[in-house]
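Dear colleague,

Please find the structure below, handed over for your records.

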Amino acid sequence: MKLRPAELLLKNLGITDPREIDLEAIALDQGAIVKHGSLDGCEARIVGYGSRAIITVDDRKPRTRLRFSTAHELGHWKHHRGRSLVCRPDELSDLRSILLIPSE
């Protein structure tokens, strides 16, 4: 079975248990730092230049949402590096219903 990119990253980092997933450490490994602050109009954003990026997540959200948003931005960094993207909250709500993820 072929591993998906996120699974391959975890394997390459030696992570074998979900409790070992430290998203901020993974971000650093991938050239990004994670900052927490208040955001308006989005729950997270990433600004990158070259091989470095800053991910900002809205710290007014629950911890589970912060983790989701951080992982989501890391996915953008992996797959869309060099492009400018904005994810609107309504797009994420649509995605949550497709994936059967309960609303917070």
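Buried residues are those under 20% relative accessible area, exposed ones are over 50%, and partly exposed ones lie in between (1.4 Å probe, protein chains only). The model is predicted, so local features need pLDDT of at least 70 and side-chain atom pairs count only at pLDDT 80 or more, while totals for chains, interfaces and linings use all residues. Residues are numbered from 1 along each chain as its sequence is written, and side-chain values use heavy atoms, with hydrogens and water left out.

In α3, the buried residues are Arg65, Leu66, Ser69, Thr70, Glu73, Leu74, His76 and Trp77. Helices (H or I, at least four residues) and strands (E, at least two) are DSSP runs, numbered from the N terminus.

The largest nonpolar core comprises 13 residues; such a core joins buried Ala, Val, Leu, Ile, Met, Phe, Trp, Tyr and Cys residues through side-chain atoms within 4.5 Å. Among those with the most contacts inside this core are Ile55 and Leu74. Two or more core residues come from each of α2 (23-29), β1 (32-37), β3 (52-58) and α3 (63-79). Beyond its neighbours within four places in sequence, Ile55 is in contact (heavy atoms within 4.5 Å) with residues including Ala32, Thr70 and Leu74.

Gly48 belongs to strand β2 (residues 44-49) and counts as partly exposed because its relative accessibility is 43%. Leaving aside neighbours within four places in sequence, Gly48 contacts Ala53 and Trp77. Gly82, 34 residues from Gly48 in sequence, is 7.2 Å from Gly48 in space, C-alpha to C-alpha.

Yours sincerely
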